[in-house]
Amino acid sequence: MQPPEELTTPDPLFIAGGRGLKVKVSFIIGTDGRVHSPLILESAGLAGDRHVLQTVRTWRYRPATCNGVPTETEGKVEFSNR
């Protein structure tokens, strides 16, 4: 299996107020290289979560492959404004 390759993954400008906040998000990288079904695993509040989800939905990958065939995979990322 070949893991997905990041193509466009801008870091969200995490302006949720306060220091030491973090957000964890899980998502599916589809066979089309787009992010599907992002889900907040650890919240930093509504505004921060919303911004992270909007940014993550814009990310693009070269999808993972298994025997040369594109396949869905799960991604997890943690963002922090420390």
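**Figure 1. Order of the elements in the predicted model.** From the N terminus on, the elements of the protein run β-β-β-α-β-β-β-β, comprising 1 helix and 7 strands. Helices (H or I, at least four residues) and strands (E, at least two) are DSSP runs, numbered from the N terminus. Residues are numbered from 1 along each chain as its sequence is written. This is a predicted model, in which local features need pLDDT of at least 70 and side-chain atom pairs count only at pLDDT 80 or more, while totals for chains, interfaces and linings use all residues; side-chain values use heavy atoms, with hydrogens and water left out.

**Figure 2. Helix α1 and its surroundings.** Helix α1 spans residues 46-56, and its buried residues are Gly48, Asp49, Val52, Leu53, Thr55 and Val56. Buried means under 20% relative accessible area, exposed over 50%, and partly exposed in between (1.4 Å probe, protein chains only). Seen down the axis of α1, these residues fall within an arc of 165 degrees, so they line one face of the helix; the arc is that of the directions from the helix axis to the C-beta atoms. Leu46 and Ala47, on the other side of α1, are exposed. The buried residues of α1 pack against β2 (22-29), β3 (35-42) and β7 (73-80), where contact means heavy atoms within 4.5 Å.

**Figure 3. Surroundings of Ser26.** Ser26 belongs to strand β2 and counts as buried because its relative accessibility is 10%. Its side chain makes a polar contact with the side chain of Glu74 (2.7 Å). A polar contact is a pair of N or O atoms within 3.5 Å; within protein, one must be able to donate a hydrogen and the other to accept it, and residues adjacent in sequence count only if both atoms are side-chain atoms. Not counting residues up to four places away in sequence, Ser26 touches Ser37, Pro38, Leu39, Leu41, Glu74, Gly75 and Lys76.
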